[in-house]
Amino acid sequence: MYNPGDYAVVSRYGVCRIDSVGHPSLSCADPSVDYYTLCPVNEDCVIYIPCSIANERLRPVIAKEQALNLIKSIPAIEIKKVKDRQRTQRYKEAIASGWFSNYTLLVF
């Protein structure tokens with residue numbers, strides 16, 4: 001569980017500060033669900049993510065030491081080449097499967 005003042009990473013938005021946890025005063029938000037209210041560090045918007053799916057949408061910001069170790073390991077990572085046709089097919093399968101349809105993400 002994240003607390004106000006914590007930072008987390010949200011795909012597409014990057015690092016976000018968690019401003020509050022609770023029920024937002026939005027007509028489109030489910031009043032029976034608690035939401036994280038997040039503000040991206042590098043964008044001018046507000047994001048609301050239901051707490052119930054936060055583990056699927058948020059990840060903690062890694063420590064500086066972890067980031068430096070990861071950067072050092074990059075040259076040893078094996079690169080798999082995938083043909084454009086395979087990449088396109090995998091993308092189409094992901095979209096067709098509706099993997100994103102179970103998530104509620106409100107951005108204002």
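**A charged pair and a nonpolar core**

Tutor: In this predicted model, a salt bridge joins the side chains of R17 and D19, with 2.6 Å from N to O.

Student: How many salt bridges does the count come to?

Tutor: Side chains of opposite charge can pair when their charged atoms come close. The side chains of R17 and D19 meet in this way, at 2.6 Å. By the rule applied, the count comes to one salt bridge.

Student: Is D19 buried, partly exposed or exposed?

Tutor: Buried requires under 20% relative accessible area, and exposed requires over 50%. D19 has a relative accessible area of 31%, so D19 is partly exposed.

Student: Is T37 buried or exposed?

Tutor: T37 lies in strand 3. Leaving out residues up to four places away in sequence, T37 touches R17, I18, D19, S20, V46, I47 and Y48. The relative accessibility of T37 is 13%, and the cut-off for burial is under 20%, so T37 is buried.

Student: Which residues touch the most other members of the largest nonpolar core?

Tutor: This core has 14 residues. Those touching the most other members are V10, Y36, L38, I47, I49 and L58. At least two residues of the core come from each of strand 1 (7-10), strand 2 (14-22), strand 3 (35-40) and strand 4 (47-50). For L38, contacts beyond four places in sequence include C16, I18 and C45. The residues asked for are therefore V10, Y36, L38, I47, I49 and L58.

Technical notes. Residues numbered from 1 in each chain as written. Predicted model: local features only at pLDDT ≥ 70, side-chain atom pairs only at ≥ 80, totals over all residues. Heavy atoms only, no water. Salt bridge = Lys/Arg side-chain N within 4 Å of Asp/Glu carboxyl O. Buried < 20%, exposed > 50% of the residue type's maximum accessible area, 1.4 Å probe, protein only. Core = buried A, V, L, I, M, F, W, Y, C linked by side-chain atoms within 4.5 Å. Helix = DSSP H or I, 4+ residues; strand = E, 2+ residues; numbered from the N terminus. Contact = heavy atoms within 4.5 Å.
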